[in-house]
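Thanks for coming, everyone. I would like to walk through one model, starting from a single loop position and working towards the sheet, the core and a helix.

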Amino acid sequence: MPETALRIDKLLFLLRIAKSRNLALSWAESGFIRVNGRRIEKGSATVGIGDVVTMPRGEAVLTFKLIIMPIRRGPAPEAKACYQILN
């Protein structure tokens, strides 16, 4: 049965935005990530299809909408098909 929600740290890792799950966890715990405008401070915060994630990416801000739930950490084109960049 496909999952309907994932932890934010696992999602960022599966989408290839973070190189490791520990890195994604530290980003989540830093408090700079927002899901649907709500500040996230735990790696266990859940994200579902249709949610909008906003986070810093170097000097820029990355905002994306999750359109398909990833099932594995596959190649980059497969990961990019799971979300739509909004900015």
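Predicted model: local features only at pLDDT ≥ 70, side-chain atom pairs only at ≥ 80, totals over all residues.

Glycine 50 sits in the loop between strand E4 (46–48) and strand E5 (52–57), where helices (H or I, at least four residues) and strands (E, at least two) are DSSP runs numbered from the N terminus. Its relative accessible area is 33%, so glycine 50 is partly exposed, on a scale in which buried means under 20% relative accessible area, exposed means over 50% and partly exposed lies in between, with a 1.4 Å probe and protein chains only. If we leave aside neighbours within four places in sequence, glycine 50 is in contact with Asn36, Lys65 and Leu66, contact being heavy atoms within 4.5 Å. Glycine 50 and glutamine 84 are 34 residues apart in sequence, and their C-alpha atoms are 10 Å apart in space.

Residues are numbered from 1 along each chain as its sequence is written, and side-chain values use heavy atoms, with hydrogens and water left out.

One of the contacts of glycine 50 is Asn36, and asparagine 36 is found in the loop between strand E2 (33–35) and strand E3 (38–40). Most residues other than glycine have a negative phi. With a relative accessible area of 48%, asparagine 36 is partly exposed. Arginine 16 also has a positive phi, of about 65°, although it is not a glycine. This arginine 16 lies in the loop between helix H1 (8–14) and helix H2 (21–30), and at 38% relative accessibility it counts as partly exposed.

Let me turn to the sheet. It is an open sheet of 5 strands in the order E3-E2-E5-E6-E7, with antiparallel pairing, and two strands are taken to pair if DSSP finds at least two bridges between them. The edge strands are E3 and E7, each of which pairs on one side only. Neighbouring strands of this sheet are turned by 30° against each other on average, with direction ignored; the axes behind this angle are lines fitted to C-alpha atoms, for helices over the stretch in contact, and angles run from 0 to 180 degrees between N-to-C directions.

Going through the pairings, E2 and E5 run antiparallel and are joined by 2 bridges, with valine 53 in E5 as the bridge partner of valine 35. E5 and E6 pair in the antiparallel sense over 6 bridges, and here lysine 65 in E6 is the bridge partner of valine 52. The hairpin of E5 and E6 has 2 residues between the strands, and in it glycine 58 takes a positive phi near 70°. Finally, 3 bridges join the antiparallel strands E6 and E7, and tyrosine 83 in E7 is the bridge partner of leucine 66.

How many aromatic pairs does a search of the whole structure find? The search finds 1, where rings of Phe, Tyr and Trp (its six-membered ring) pair if their centres lie within 6.5 Å, and planes under 30 degrees apart count as stacked, over 60 as edge-to-face and the rest as tilted. The rings of phenylalanine 64 and tyrosine 83 have centres 5.1 Å apart and planes at 55°, so the pair is tilted. Because phenylalanine 64 lies in strand E6 (residues 60–66) and tyrosine 83 in strand E7 (residues 83–85), the pair ties together parts that are 19 residues apart in sequence. Both phenylalanine 64 and tyrosine 83 are buried.

Phe64 brings us to the largest nonpolar core, of 23 residues, in which Ile8, Leu12, Leu15, Ile17 and Phe64 touch the most other members; such a core is a set of buried Ala, Val, Leu, Ile, Met, Phe, Trp, Tyr and Cys residues joined through side-chain atoms within 4.5 Å. The elements that give two or more residues to this core are H1, H2, E2, E5 and E6, and the largest share, 4 residues, comes from H1. Not counting residues up to four places away in sequence, isoleucine 17 touches Leu12, Trp27, Met55, Arg57, Leu62, Phe64 and Tyr83.

I will end with aspartate 9, which is in helix H1 and which, at 2% relative accessibility, counts as buried.
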